[in-house]
Amino acid sequence: MADLTKNKQDIPANSTKYKPGVFGTLLLSFSVLSNARKILNTNQPSQTLTSVNGIRFISMTWVVLGHTYVFGLGVVGNLATILPDYFKRFTFQAILNATFSVDTFFVLSGLLVAYLTLREMDKCGGAKKFNWGLYYFHRIWRLTPPYMLVMFVYTSLSKHWGDGPFWSQNGFDPNDCNTWWMNLLYINNFQDSQKMCMGWTWYLANDMQFYIISPLILVLLFYSRLGGVILSVAFVIGNFISAGVLTNVHNFSASIMLRNEDEKGNSFELLYIKPWTRIGPYIVGLLTGYVLYKTKCKITMSKKANITGWTLATGLAIAVLYGLYSDDGTIKLNKVTTIFYNATSRTVWGACVAWVIFACATGYGGPVNALLSWKGIVPLSRLTYCCYLVHPIVMLTNYNSQRQTMYWFDLEVSYKFLGHLCMTYGVAFIVSLAFESPMMGLEKVILGRAKKH
């Protein structure tokens with residue numbers, strides 16, 4: 001014990017902690033231990049919008065829940081009896097309309113782009129001094145390597161992962177991802193949906209396209225609030241018109257899951273995945289991020305105004321989510337109402353989500369903010385991107401490995417959902433360690449840029 005004390009005292013008081021050089025830092029970018037510590041770290045920088053973490057996790061859980069049903073349809077033997085029963089349930093509307101979870105992600109993306117970019121523009125002295133090349137490089141570097149590496153594994157190895165009567169010997173993608181270059185360029189939402197590689201990545205294409213055009217609005221907002229708002233409103237109106245016109249011309253249903261008998265064309269391809277029909281929630285996010293940037297998340301709101309905001313947001317969200325319900329499981333909206341719903345519902349949902357973030361960020365979130373900002377959610381939030389990339393692969397591997405058709409009932413699907421959720425986060429953790437985290441570490445070394453979480 002005396003020797004230990006002596007050795008400790010022999011250490012010079014001015015000794016400094018070892019810091020690796022550039023080569024050492026490059027190697028540490030691939031360190032499983034270092035990257036795992038970063039992912040599992042629950043600390044957040046100051047001025048972080050902590051409620052975003054909880055919303056990310058809840059939305060990802062919602063995506064997994066919805067896709068648990070969608071990807072399992074091909075291996076279920078009692079669809080003829082179970083689906084009509086599902087459609088008649090009021091509670092099942094949250095699953096039928098799980099597509100709104102994607103609009104939540106669009107809001108989050110737009111909000112963070114505006115909030116972080118405008119703060120950086122402010123620090124560096126305006127748009128002219130802002131490094132726009134780095135703005136684009138960072139997004140491409142952050143998303144593309146994990147995306148392409150997951151696609152490579154998915155395309156080349158998935159055919160060898162299992163067998164059975166439902167297992168395709170050619171892998172999960174019928175075209176062997178021969179249109180991968182469209183994914184690489186983030187334009188896969190403009191191709192035939194039947195030929196799309198990793199079809200769920202249409203979201204990434206839209207998000208990248210919105211990111212590319214965001215500076216048009218951000219620069220205007222930075223120098224002219226009125227000009228930025230006018231351009232933003234123009235984009236939203238364009239969203240309303242395009243979605244409404246497409247619904248009218250093709251007689252689309254108000255739900256992508258319940259088609260009209262006389263629909264003309266593929267609503268998924270024409271209405272659901274196109275940027276001009278999905279940009280509304282992203283614009284709402286941009287404007288919310290601008291407000292938080294201008295106010296520095298510090299506003300004074302009366303109790304009455306706060307209650308009114310929460311009441312409106314809750315009421316509108318419920319109306320959007322459950323408003324299509326009927327006792328017999330069919331949609332009772334006339335054509336005019338359907339056009340209005342398809343044109344505005346996603347932007348209205350985005351506004352409701354934006355209110356939650358705004359209220360939480362400015363100190364008016366109460367218990368909602370406490371729940372969404374819980375530190376235990378932070379690591380799960382960091383895995384969201386990899387979860388989105390791999391969750392259908394996890395589900396397809398499980399479903400296509402079945403030896404016989406499944407008989408669905410509530411407990412069975414609940415177990416499937418929880419299993420998919422846990423396996424998705426487990427696989428995402430490994431993928432993040434192998435593909436995503438190293439790229440983030442390399443970015444810091446190559447660019448000397450501190451990554452903001």
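A: For the linings, Ala, Val, Leu, Ile, Met, Phe, Trp, Tyr, Cys and Pro count as nonpolar, Asp, Glu, Lys and Arg as charged, and the others, Gly among them, as polar. This is a predicted model, in which local features need pLDDT of at least 70 and side-chain atom pairs count only at pLDDT 80 or more, while totals for chains, interfaces and linings use all residues. Residues are numbered from 1 along each chain as its sequence is written, and side-chain values use heavy atoms, with hydrogens and water left out.

Q: How many cavities of 30 Å³ or more does the structure hold?

A: There are 3. On a 1 Å grid over the protein atoms alone, a cavity is a set of points where a 1.4 Å probe fits but cannot get out, and lining residues have an atom within 4 Å of a point. Grid points are joined across faces, edges and corners, and a volume is the space filled by probe spheres set on the points.

Q: What volume does the largest cavity have, and what lines it?

A: Its volume is about 270 Å³. Of its 24 lining residues, Ala-254, Leu-271, Tyr-272, Asn-342 and Arg-346 are the closest to the centre.

Q: Which elements give two or more residues to that lining?

A: α11 (225–250), α12 and α15 (335–361). α15 gives the most, with 6 residues. Helices here are DSSP runs (H or I, at least four residues) and strands are E runs of at least two, numbered from the N terminus.

Q: And by class?

A: The lining of the largest cavity has 11 nonpolar, 10 polar and 3 charged residues.

Q: What about the second largest cavity?

A: The second largest cavity has a volume of about 60 Å³. Its lining includes Phe-87, Gln-93, Ser-255, Tyr-325 and Ile-331. By class that lining is 6 nonpolar and 6 polar, with no charged residues.

Q: Which domain does UniProt place at residues 51–434?

A: The unreviewed entry puts "Acyltransferase" there; such annotations may be inferred rather than shown by experiment. In the model that span is 68% helix and 0% strand, and its end C-alpha atoms lie 28 Å apart.

Terms used
On a 1 Å grid over the protein atoms alone, a cavity is a set of points where a 1.4 Å probe fits but cannot get out, and a pocket is an open set with protein on both sides within 12 Å along at least five of seven lines; lining residues have an atom within 4 Å of a point.
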